[in-house]
Amino acid sequence: MCGVVGIVGKSDVNLQVYDALTILQHRGQDAAGIMTCQDGTLAQQKGTGLVKDVFRTRHMQRLVGNMGIGHVRYPTAGSSGPALAQPFYVNSPYGIGLAHNGNLTNAEQLAEDLFKTDLRHLNTDSDSEVLLNVFAHELQLRGQLTPSEDDIFAAVAGVHRRAVGGYAVVALVARYGLVAFRDPHGIRPLVYGKRDTDKGVEYMVASESVALDVLGFELIADVAPGEAIFVTSDGQLHKRRCADHAELSPCIFEHVYFARPDSIMDGVSVYKARLRQGENLAEKILRERPHHDIDVVIPIPDSSRVAGQALANGLDVKFREGLVKNRYIGRTFIMPGQQERRKSVRQKLNTIELEFRGKNVLLVDDSIVRGTTCQQIIQMARDAGARKVYFASAAPAVKYPNVYGIDMPSAKELIAHGRTEEEICQEIGADWLIYQDLKDLVAASAEGNETIAHFDCAVFDGKYVTGDVDQIYLDRLEAARNDVAKAKVGRKTERPEATLIGLHNDAAESH
């Protein structure tokens, strides 16, 4: 999962893009990048690490211009390093920089077509670079010295015809403007808004509405599935549906885990969806165990807190913060390897023994993926003196890998893959385990926007909405995503990459 942002303002936007990336930091902690444009010159700074580590004052002084895009990344398939930090850049046509959240399921075929047919060179194995080159090629086919909105939208339509998967994109076309578009299924989120200033209207697009809120932009709408937004350098907004067959099928795992609770996605309040997840889970517990002996509900911070509060209220039992989080440790879901993940859990969480000792505790998490984290936390609860430890998941069992931009483990590394609920309970060491039913999870989100026909629930039910994912594809994914493969890739610590690129061929900043 990644986070993207794009702004067209009336003055330098570098600090605003930086602030937006810090707000979206939860969506990726591996790398960050910003690209701005002034008078046709594109300036860029990107590198591995958190936003605060990648950018310094000297970088911000160089990142000038009233248009800018930014990206925070976490790696998929174990790939990492400065070369894969975004945005990516091509000089033809016009000079284009692009940042992308999601994953193309036909990236390999597209890469081959780009080389053999479009005669374009790819420098990495990133599907984001593939997407950039497809967009650039489709735009170049228009053959215009100055691209119009029709040319931009035709190029996006060409991307939709060729690319398959989940993608939310922001791109800068040097001199001309900001382009943003979303895949025809709307799997990955993207919103846009505006802000009135003394100098005129400014526009912003971002992965989550919370970034708009904090920067003072008014949310206009979600970018519709298959829709493109084009904001010219002088602040004129154009939009158009560019896909022939578009139907909204947003990723429901955003509501479970990734998105901030103060975001609104496709008209659904993430906070309200998580409240309803807790309420529905409480109803299931009361059906299955009407005479339960739960003394206290304790959430595993942070993403399960809202559901946990609603769950405790529905059960009429105490809700307590029994686990304290070290906020300077990254999200364990995004950790690259099992050993690093195991180590980080103990560094990340500590128990308040008073809330566990002698009690029957119901721990609540947003989901169970590998089982590594909850297994350790259950043992921590026992070490703190809990009499019994029950475990509740606000989401159904995760049985299948995600192929649309969430770097979930290979199927064999998912604890629920091929196991019964009882076997999972035994594996994690709980006295009792309960999962949310899929219909209740869908209902929790659908209640916020009844116009959504269906959600992408592939990690739970194995039904991939793009229709092109078969066992051969999943087997290739298995080989790329398992921890052995990731260990071979390894992780490098390198200094951020800085470049200044544009029509005037300015030299890159030396480090």
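Predicted model: local features only at pLDDT ≥ 70, side-chain atom pairs only at ≥ 80, totals over all residues.

Helix 4 spans residues 107-116, and its buried residues include A107, L110 and L114. Because they cover an arc of only 60° around the axis, they sit on the same side of helix 4. An α-helix has 3.6 residues a turn, so residues three or four places apart point the same way. On the face of helix 4 turned away from the buried side you will find the exposed residues E108, F115 and K116. The cover over the buried residues of helix 4 includes strand 6 (96-104), helix 5 (127-140) and helix 6 (149-162).

## The loop between strands 5 and 6

P93 is located in the loop between strand 5 (88-90) and strand 6. With 9% relative accessibility, P93 counts as buried. Beyond its neighbours within four places in sequence, P93 is in contact with A136, L139 and Q140. P93 and H137 are 44 residues apart in sequence, yet 7.9 Å apart in space, C-alpha to C-alpha.

Y94 belongs to this loop between strand 5 and strand 6 too. Its phi is positive, about 75°, although Y94 is not a glycine. Is Y94 buried or exposed? Y94 is buried, at a relative accessible area of 15%.

## Other backbone details

D39, in the loop between strand 2 (31-38) and strand 3 (41-48), has a positive phi near 50°. D39 is exposed, with a relative accessible area of 61%.

Cis peptide bonds join Q86 to P87, with omega about 10°, and P301 to D302, with omega about 5°.

How values were computed: Residues numbered from 1 in each chain as written. Heavy atoms only, no water. Buried < 20%, exposed > 50% of the residue type's maximum accessible area, 1.4 Å probe, protein only. Helix = DSSP H or I, 4+ residues; strand = E, 2+ residues; numbered from the N terminus. Arc of directions from axis to C-beta. Contact = heavy atoms within 4.5 Å.
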